[in-house]
There are 2 protein chains.
Amino acid sequence: MKELEERILKDGKCLSADILKVDSFLNHQIDVAFLEKIGQEFERLYHGCGVNKILTIEASGIGIACLTAQQFNVPVVFAKKSKTTNISNDVYTAQVASYTHGNVNTILVSKQYLNSGDRVLIIDDFLAKGCALEGLVSLVQSAGATVVGAGIVIEKAYQGGGDALRNRGIRVESLARIASMDVSKGITFVKD
Amino acid sequence: MKELEERILKDGKCLSADILKVDSFLNHQIDVAFLEKIGQEFERLYHGCGVNKILTIEASGIGIACLTAQQFNVPVVFAKKSKTTNISNDVYTAQVASYTHGNVNTILVSKQYLNSGDRVLIIDDFLAKGCALEGLVSLVQSAGATVVGAGIVIEKAYQGGGDALRNRGIRVESLARIASMDVSKGITFVKD
């Protein structure tokens, strides 16, 4: 998505080889009008795929998911992060490693809100090593529901998580795919 | 808001005198079309007040804030919850007690996204004792910005937090105000 790449180059800040700060429009301050366009693009990509539910994970996925859900006219479910082991048995859970925080979180969703007939589009802001996305796919599969695909705003393609999921047969559509990132050399995108 | 009260009576579950579960439409699964109506109602209430920014707190406020921001055509900023003490000095912080979890969290927002000229509408899903809302008000005031008011989906009026803020001169608009709640007797609302 050309407009997104331009926005990343204009407003994104590469703080290290791993950290791209886009908190002026995506995940701290939210440019809602811009996210509407992102939602429209996800709808264009997954049009006619029978999506009846959007799944994301708290916190920064929620805004993107809501503005995408408007385009599909379907509800959002967001998985919760829990660090407690005291989890009731009416939830699906998955383990997600966080490289940023160096720990493992349990993510969970109430069984009530994921059902075997669901056709789920997974939405998230970032995809790097793919741990969060793997966890969300696992939640959908635990419910016997169908993963239609994933809609990612920014994929750090050089970290390999997206291709690992594609190789498992999961459709992953990323609106911007970063090929390389460097504080001094800047950001380059994967060419289509 | 009549439609909201009806929805709470229909889909809400009172689990104890303190816990109202509305996760089928508000804070786990999100009925996006319904939240659009909530956003429209907040816009009607704060129409002409010069709101140029919506402030909320992760996680469950984000969806409501985004759908409200669409009505005002302004950006959202969401405060982050941090349990670390390692916080950089380019953020405003406030301490928020959590009665649910029995601890105190630091909430924070980047100084970049709250400015002295801002006229801020604070949005959140619940208001009980008012700790989160007090913290958000404090963040806005730290920036020298103006709190236009707060837009709350569900206020547990019997817990007093809303009136404490109103008594300080802060405009608080709650779309449903619960007067009493009981597992066996059910939910009653404050009469207008």
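**Exercise 1. Work out how α2(A) passes α3(A), and what the contact is made of.**

Start with the handedness: α2(A) crosses α3(A) in a right-handed way (the near helix is turned clockwise from the far one by less than a right angle). Helices here are DSSP runs of H or I with at least four residues, numbered from the N terminus.

Next, the geometry. Helix α2 (residues 32-45) of chain A and α3(A) have axes that come within 8 Å and cross at roughly 55°; axes are lines fitted to C-alpha atoms over the stretch in contact, with angles from 0 to 180 degrees between N-to-C directions. That makes the pair oblique, the class left over once angles under 35 degrees (roughly parallel), over 145 (roughly antiparallel) and 65 to 115 (roughly perpendicular) are taken out.

Then the residues. Contact means heavy atoms within 4.5 Å. On α2(A), those involved include A:L35, A:G39 and A:F42, and on α3(A) they include A:L67, A:T68 and A:Q71. By class, the contact has 7 nonpolar, 5 polar and 2 charged residues.

A word on the source: this is a predicted model, where local features need pLDDT of at least 70 and side-chain atom pairs count only at pLDDT 80 or more, while totals for chains, interfaces and linings use all residues. Residues are numbered from 1 along each chain as written, chains are lettered from A and ligands numbered from 1 in written order, and side-chain values use heavy atoms, leaving out hydrogens and water.

**Exercise 2. Decide whether A:T68 is buried or exposed, and do likewise for B:Q71.**

First, A:T68 sits in helix α3 of chain A. Its relative accessibility is 0%, so A:T68 is buried (buried is under 20%, exposed over 50%, partly exposed in between, with a 1.4 Å probe and protein chains only). Beyond four places in sequence, A:T68 touches A:G39, A:F42, A:I54, A:L121 and A:I123.

Now B:Q71, in helix α3 of chain B: at 31% relative accessible area, B:Q71 is partly exposed. Its contacts beyond four places in sequence are B:E36, B:G39, B:Q40 and B:E43.

**Exercise 3. Find how α3(A) and α3(B) cross.**

Their axes come within 8 Å and cross at roughly 55°, so the two helices are oblique to each other. The crossing is right-handed. Residues in contact include A:I62 and A:C66 of α3(A), and B:I62 and B:C66 of α3(B). The tally is 6 nonpolar, 4 polar and no charged residues.

How values were computed
Nonpolar A, V, L, I, M, F, W, Y, C, P; charged D, E, K, R; others polar.
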